[in-house]
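Please keep the sequence and the 3D view at hand while reading.

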Amino acid sequence: MSLTNQDLIELVAWRRALHRQPELSNEEKATAREVVAFLADTKPDAVLTGLGGHGVAMIYDSGRPGSTLLFRSELDALPIEELSGVPHASQVPGKSHMCGHDGHTAILAALGRQFGRRQPASGRVVLMFQPAEETGDGAAGVVADPRFAAIAPDFSFSLHNLPGIPFGEARLKPGVVNCASRGMRIVLEGKTAHSSIPETGTSPMLAVSELMPVLATLGGGAFTEDDFGMVTVTHAAMGEAVFGVAPGRAEVWATLRTRLDERMAGLAAAAEAHVARIAGAHGLAFAIDYHEIFVASMNAPAAVDHLRAAMDEEGVVHGEGSLPMRASEDFGIFGHAAPSAMFFLGAGERHPALHNPDYDFPDDLIAIGARIFMRTARNLLG
């Protein structure tokens, strides 16, 4: 159940190579090829590619009855210019691994190396390298793929590194750990006019100025309660960037967030009602569509118990900390297929935050994350 020093040297070097060549959500073709090539000598019993886009599943099958365990990492990077200054910084302008998905991928590769040397004693292990986590459609695409039915996990596990937590400590709890969220795009359509005679057009200006603060008041409820909801206006644009034209079109973007999936429908309906009312009052047509839809991530108690037992055996300090988080995570959809749990692994209390341009995944977490997952797998499968 241990990685050699040479393993760690090679895993770190590979993680840094992935870091240099980041690919955005739904563009992870080269990264997926790297995963298949890096683990080829572990001789997995099956390799599925193109899952949900560019997803890869490496399957290690004992050939004996037992549970199927799925361990998931993410392949995609972010549209952020890296400013970390590390020697292995992104070589792709405007793209970088500022969430640590390269490190999570290396942790799963560490499992692959170990299962290549010693198969599980029973059942199967599926290493799921998932695409497009950042946009919320990667996990949904994987689960919707007809080939996922053949994987049929009995348990699914994942982790995410988290700055602000002491290095190497874990945070884990049953129940809600990440909120449901969705991006709401509102288009308001009026009539453009010359800026000298704005009365001949229909401007969305007053509607936008009325709509944004109204949206921000929606939701309510304490974050500790199941009825929690919030709306954050994230973007607004109106007309053209010129002085001679009075605008006839505007867009307002907002993120809707709830603790529970059941609450989201009501929050969306309330927001849509305000859009219809305000647009109508100002003589505007409107359209609404939704993007980056994340379901709530719910940790199943049984899956949490398995992770806790592994952490105790491996001497990893753990607790619930400040969970749940307002942020979203698309791992939650795996919980619709099987008991699932995600834990958060401390990257250090002063480590740069996720999605910050100076962030870089701490390489020493590779061994810790791999130990927790391996112990979980061996406890369940032998």
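The model is predicted.

**The five-stranded sheet**

Five strands form an open sheet in the order S10-S11-S13-S8-S14, and their pairing is antiparallel. At its edges are strand S10 (219–220) and S14, each of which pairs on one side only. In general, strands of a sheet pair through backbone hydrogen bonds, either parallel or antiparallel.

S11 and S13 run antiparallel and are joined by nine bridges. Two residue pairs can be picked out here: glycine 229 has threonine 258 in S13 as its bridge partner, and threonine 232 has threonine 255 in S13. S13 also pairs with S8, in the antiparallel sense, over ten bridges. In that pairing, isoleucine 186 stands opposite valine 252 in S13. S13 is mostly covered, with eight of its ten residues buried.

**The largest pocket**

How many residues line the largest pocket? The lining is made of 36 residues, and those nearest the centre of the pocket are Glu134, Arg257, Glu292, Phe294 and His355. The elements that give two or more residues to this lining are strand S5 (155–162), strand S8 (180–189), strand S11 (229–238), strand S13 (249–258), strand S14 (285–294) and strand S17 (340–346). S8 gives the most, with five residues. The volume of the largest pocket is about 940 Å³. Sorted by class, its lining has 16 nonpolar, 13 polar and seven charged residues.

**Backbone features**

Most residues other than glycine have a negative phi, and most peptide bonds are trans. Glutamate 292 is not a glycine, yet its phi is positive, at about 50 degrees. Glutamate 292 belongs to strand S14 and is among the residues nearest the centre of the largest pocket. Glutamate 292 counts as partly exposed because its relative accessibility is 46%, a value between the cut-offs of 20% and 50%.

Histidine 355 also has a positive phi, of about 70 degrees, although it is not a glycine. Histidine 355 sits in the loop between S17 and helix H9 (365–381), and it too is listed among the residues nearest the pocket centre. With 37% relative accessibility, histidine 355 counts as partly exposed.

A cis peptide bond is found between leucine 323 and proline 324, with omega about 0 degrees. Proline 324 is in the loop between strand S16 (318–319) and S17.

A residue is called buried when its relative accessible area is under 20%.

Threonine 68 is in strand S3 (residues 68–74). Its relative accessibility is 5%, so threonine 68 counts as buried. Leaving aside neighbours within four places in sequence, threonine 68 is in contact with Arg124, Val126, Ile151, Ala152, Pro153, Asp154 and Phe155. With arginine 124, threonine 68 makes a side-chain to side-chain polar contact.

Asparagine 299 is part of strand S15 (residues 297–299). Asparagine 299 is buried, because its relative accessible area is 4%. Not counting residues up to four places away in sequence, those it touches include Leu172, Lys173, Pro174, Ser340 and Met342. Asparagine 299 and phenylalanine 157 are 142 residues apart in sequence, while their C-alpha atoms are 9.4 Å apart in space.

Arginine 15 is in helix H1 (residues 5–20). At a relative accessible area of 0%, arginine 15 is buried. Arginine 15 touches His88, Asp102, Gly103, Ala106, Asp360, Phe361, Asp363 and Ile366, not counting residues up to four places away in sequence.

| Residue (side chain) | Partner | Distance |
|---|---|---|
| Threonine 68 | Arginine 124, side chain | 3.0 Å |

Note on methods. Residues are numbered from 1 along each chain as its sequence is written. This is a predicted model: local features need pLDDT of at least 70, side-chain atom pairs count only at pLDDT 80 or more; totals for chains, interfaces and linings use all residues. Side-chain values use heavy atoms; hydrogens and water are left out. Helices (H or I, at least four residues) and strands (E, at least two) are DSSP runs, numbered from the N terminus. Buried means under 20% relative accessible area, exposed over 50%, partly exposed in between (1.4 Å probe, protein chains only). A polar contact is a pair of N or O atoms within 3.5 Å; within protein, one must be able to donate a hydrogen and the other to accept it, and residues adjacent in sequence count only if both atoms are side-chain atoms. Contact means heavy atoms within 4.5 Å. On a 1 Å grid over the protein atoms alone, a cavity is a set of points where a 1.4 Å probe fits but cannot get out, and a pocket is an open set with protein on both sides within 12 Å along at least five of seven lines; lining residues have an atom within 4 Å of a point. Grid points are joined across faces, edges and corners, and a volume is the space filled by probe spheres set on the points. Ala, Val, Leu, Ile, Met, Phe, Trp, Tyr, Cys and Pro count as nonpolar, Asp, Glu, Lys and Arg as charged, and the others, Gly among them, as polar. Two strands pair if DSSP finds at least two bridges between them.
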